[in-house]
Amino acid sequence: MHTTMSGRQKAGQVIAHIVMILIAIYTLFPIVFLVFNSFKSNSEIVDSPVSLPTQWSFQYIISAAQQINFFKAIGITFMITFLSVLLLVVVSSLAAWVMVRSKSVLSRVMYLGFTAAMLVPFQAVMYPLLNIFENIGLKNIPGLIIMYGGFGLSMSVFLYHGFIKSVPQSLEEAAIIDGANIFQMFFQVVMPLLRSTTVTVIVTNAMWIWNDYLLPFLVIGNREGAKTLTLELYFAKLTSGQYGNPWELIFPAVFVTIIPIIILYIFLQRYIVSGVADGAVKQ
Amino acid sequence: MEKYYKRRFAPLALPAVILFVMVILLPFVIGIVYSFTSWRGTYFAGGTLFESFVGFENYIKAFKTKKFMDALVYTVKFTLIAVVIINLVSLCMSLLATYIHKGASAYRTIYFLPNLLGGLALGYIWQFIFQIVFSKLLFGPEGVISIPALTNMTQDNTKALFALAILFTWQQAGYMILIYINGLNNIPKDLTEAASIDGANVFQRFFNITVPMLMPSFTIVFFLTLSRCFMLLDQNIALTDGDFGTRMLAMQILRTTRDSSPPNYGLAQAQAVIFFVLIAAVTIVQVSITSKKEVEL
């Protein structure tokens with residue numbers, strides 16, 4: 001049976017690969033296109049959008065980077081993302097762990113509350129949240145980090161909770177007998193076992209916090225010197241877009257904002273894809 | 001042992017509880033209360049919170065506001081179209097990826113890439129593609145083939161719906177295939193083999209084995225696509241900025257406070273509560289329907 005089918009099977013494989021390569025080209029096309037057009041002048045972009053640039057000049061990239069305060073903005077974006085994710089990992093793993101282990105009514109109620117909150121869209125809490133944070137003097141970057149901590153919490157607690165249930169308790173008992181305190185036990189015994197979930201929590205949260213537009217827009221807005229990359233991009237387009245679209249600014253600006261992500265993806269793609277896949281399936 | 005953890009429960013769970021109350025629970029409750037008042041953002045029209053209580057006035061007004069109703073209809077239309085397209089595309093891609101013997105993970109890596117980039121940045125690139133590449137080079141009067149339906153897609157209410165769906169499918173398919181591939185790989189091979197020995201053809205195998213066995217994946221993907229489409233904001237802003245009547249609900253709630261002076265935060269908040277109820281209702285109904293169809297082996 002296999003010998004008679006092999007010709008047809010081979011043809012099937014080839015066709016499948018051709019289709020998948022076409023889809024891959026379609027997927028990459030806008031990004032390659034973005035790179036090419038980051039080296040062109042406005043008129044060249046509009047006249048011959050899909051061709052290679054006549055000369056690879058970096059002037060548009062440099063001026064776009066200056067206009068969106070690239071280095072400052074990337075520093076701010078990195079700091080916000082890093083601290084928010086750190087806060088999320090520590091707070092949600094500790095809470096999920098102690099919730100699983102103590103098996104009390106309270107912990108079950110908390111778990112229900114956290115998971116129910118996943119249904120609440122950001123828009124439902126947006127205006128009161130800003131109002132509260134403004135009144136307590138937190139309508140700034142530290143406040144923004146706390147907000148991300150709150151919004152990422154449900155999902156992260158949920159992921160950790162699901163995983164910790166399958167981690168045996170015996171190691172922790174041994175650690176206590178050896179005289180470890182609760183933090184030593186958690187960070188040296190429990191945390192290493194949660195590595196795969198931690199990767200998922202880091203990747204999924206870092207992805208949306210890094211690219212988020214709405215929260216920084218509401219909290220920071222057009223404040224000088226505090227804008228994230230996405231905000232800089234938004235305001236650059238908004239202010240220069242009054243007289244038609246300035247593509248020689250938009251393309252290189254988008255290009256420089258996605259370079260860090262692409263570089264990170266090239267090196268960490270295995271962790272990123274499997275982290276996201278794990279998280280998605282566990283929902 | 002349980003006692004050991006119970007004694008340490010409060011201090012370890014407290015940070016999470018504080019964050020949760022501060023960022024989600026308290027604003028959520030306050031938001032519901034404020035939606036029944038004439039809240040103006042920094043003050044209450046008519047005096048104190050109690051004096052500005054207006055009952056269901058904001059809700060009635062929301063349903064009478066043309067912009068809100070238009071946004072609601074537009075959001076529902078977009079969600080229906082995009083959910084179908086994203087699911088069909090990503091399911092077909094996953095079937096291909098599990099069919100080929102080699103290289104599936106390389107394709108997966110490429111397809112996932114758009115998902116990493118921000119909706120705003122992608123929206124800007126696609127705006128150019130729709131305005132210049134589609135309208136002039138490919139489908140314009142002097143293009144490769146003239147297809148008027150595919151030109152100036154960002155400047156027409158109905159065409160923009162499909163432009164947004166194309167953009168969002170391009171971005172989301174790579175994520176959804178991760179879930180479908182995982183589901184497909186979990187289907188025991190002997191099931192399909194037994195069926196083909198019994199003489200079932202490709203389509204019979206697909207509809208009688210693959211689809212029922214894939215139900216858990218359908219539950220997740222439908223949930224994700226439904227809620228993400230319904231809450232779409234960044235791409236909506238970047239592609240059309242709500243012009244030509246293309247405002248979706250998330251943008252409508254954000255822009256309501258700019259539509260009138262003084263800003264009517266009470267009305268915006270009522271719209272936000274309606275938004276929450278809609279999302280909660282739709283996703284709960286969807287999850288209960290699709291998970292009922294899941295089969296246990």
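1. Two residues are in contact if their C-beta atoms, placed from the backbone, lie within 7 Å. The model discussed here is predicted. In chain A, take the contacts between residues at least 6 apart in sequence: 76% of these join residues at least 24 apart.

2. On overall dimensions, the radius of gyration of chain A is 24 Å, whereas a compact globule of 283 residues would have one near 19 Å. The C-alpha trace of chain A spans about 75 × 70 × 35 Å along its principal axes.

3. Of the 283 residues in chain A, 41% are buried. For this figure, a residue is buried if 20 or more other C-beta atoms lie within 10 Å of its own.

4. Next, the interface. Chain B brings 69 residues into contact with 71 residues of chain A. Several helices of chain B each supply at least two residues of the side that touches chain A: α1 (2-7), α2 (9-34), α4 (66-99), α5 (104-112), α6 (119-138), α7 (157-185), α12 (249-259) and α13 (265-292).

5. Which helix gives the most to the side of chain B that touches chain A? That is α2(B), with 16 residues.

6. What is the side of chain B that touches chain A made of, by class? There are 57 nonpolar residues, seven polar ones and five charged ones.

Terms used:
Residues numbered from 1 in each chain as written. Chains lettered and ligands numbered in written order. Predicted model: local features only at pLDDT ≥ 70, side-chain atom pairs only at ≥ 80, totals over all residues. Helix = DSSP H or I, 4+ residues; strand = E, 2+ residues; numbered from the N terminus. Nonpolar A, V, L, I, M, F, W, Y, C, P; charged D, E, K, R; others polar. Rg over C-alpha atoms; globule rule 2.2 N^0.38 Å. Buried ≥ 20, exposed ≤ 12 C-beta atoms within 10 Å, placed from the backbone.
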